[in-house]
Amino acid sequence: MIELQEGIIPEVDKRHDYAIVSITKHGVEMGRNLHQTFPNADLYYMAKFERGDEKQRHIQLFTGTVRLLLPALFKQYKGLILIISLGAVVRMIAPILVDKKTDPGVVVVDDRGENVISVLSGHLGGANELTYEIAAAMNARPIITTASDVQKTIPVDLFGSRFGWTWDSDEKLTPVSASVVNEEHVAIIQETGERDWWMRDVPMPSHIKIYPNSAAVIEAKPDATLWITDRIIEPHEEVLLGNGTIFRPKSIVLGMGCNRGTSKEEIQAVIQETLAELKLSEKSVKALCTIDLKKDEVGFLETVEEKEWEFITYTPEELNEIDFNNPSDVVFKYTGAYGVSEPAALRYSGARELVLEKKKSGNVTISVAKLVF
């Protein structure tokens, strides 16, 4: 809990590059939804709107006027997404503005979620690009008031953010961004994830080209590479990462079951071992799914909290609606469902086939599916 006081800049727990701030009931609901789909952001809202899951979701609550929170956020974050009226924001940030080269980008969202407005540091601070991303995530109207929206291109550090994509490393974000801005040859490889990431009303610039696979890109020898994948890169492909960034869509679904009381350490070890065998990245995991009998399983709850994954449970009836290859009368006897890990993964993902059918390891059962995009 952050207790805001006049004359004291509070300490905040910065985990990501952007901060979302809400101060109304409707704003909190929008902020919570945006926080789910925009993973590179921390969420702050007033303590009186506490829901009880804030600790699990790494949401920070505060008491007092939000004006006293903004100086701390200005110093810490690259951009602020404020679900607060525009006039109030202008009055609150005016005393703490320093320079357009150092101030964070500030974006305002109205309380109905209809408009997303670029307010401060539109170009240098990236607020214009952030506005487009947030508007797309919220199905809202982006409002840009600068004289020219300079780059009709891809903001590398925000690429796919509205879908929950993350990057493997930020090491090459700056040089890759430079290649995009300087109109050098930029290659895009997309192996999974949402396809509607180009959100401009003009064609994609000719210097940015989409390739079918890594072999074609290696042959083309681009200046930079944006690689959208959920798999582990093979050694011979790493040449593309000399000036390249890997983006991880949330495409992997884990269906799991376990014996009561199984530790998070054993659960996580099985997950890591399984993904390594499949050559898949843990950063692309979206959800852990199981039967509702396990909704209070401590090892599962601790794992999804630590990893920031969705935790989805299904009733036996919901699981029995799914066709899968390994139904079990024994499992039905104890749970009322003919399977847990396989139908749970299939139901959430929408896939017809599993990447991995049921695997038993110690006290844990795991299946893996990929989302259908």
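I count two strands as paired if DSSP finds at least two bridges between them. Helices (H or I, at least four residues) and strands (E, at least two) are DSSP runs, numbered from the N terminus.

I am working on a predicted model, where local features need pLDDT of at least 70, side-chain atom pairs count only at pLDDT 80 or more, and totals for chains, interfaces and linings use all residues. Residues are numbered from 1 along each chain as its sequence is written, and side-chain values use heavy atoms, with hydrogens and water left out.

**Sheet.** I looked up an open sheet of five strands. Its order is β9-β13-β12-β10-β11, and the pairing is mixed. β9 (166-167) and β11 (208-211) stand at the edges with a single partner strand each, so one side of each has no neighbour in the sheet. I then checked how β9 meets β13 (residues 244-248): the two pair in the antiparallel sense, over two bridges. Tryptophan 167 has phenylalanine 247 of β13 as its bridge partner.

**Largest pocket.** On a 1 Å grid over the protein atoms alone, a pocket is an open set of points with protein on both sides within 12 Å along at least five of seven lines, and lining residues have an atom within 4 Å of a point. The largest one has a volume of about 1,100 Å³, a volume being the space filled by probe spheres set on the points, which are joined across faces, edges and corners. I note 36 lining residues, with Pro39, Lys250, Lys307, Glu308 and Trp309 nearest the centre. Two or more lining residues come from each of α1 (25-37), β3 (41-46), β9, β15 (285-291), α8 (298-307) and β16 (310-314). α8 gives the largest share, four residues. The lining divides into 11 nonpolar, 10 polar and 15 charged residues.

**Cavity.** A cavity is a set of grid points where a 1.4 Å probe fits but cannot get out. I count one of 30 Å³ or more. The largest cavity holds about 60 Å³ of space. Its lining includes Glu133, Phe159, Trp197, Trp198 and Arg200. By class, I log six nonpolar, one polar and two charged lining residues.

Notes: Ala, Val, Leu, Ile, Met, Phe, Trp, Tyr, Cys and Pro count as nonpolar, Asp, Glu, Lys and Arg as charged, and the others, Gly among them, as polar.
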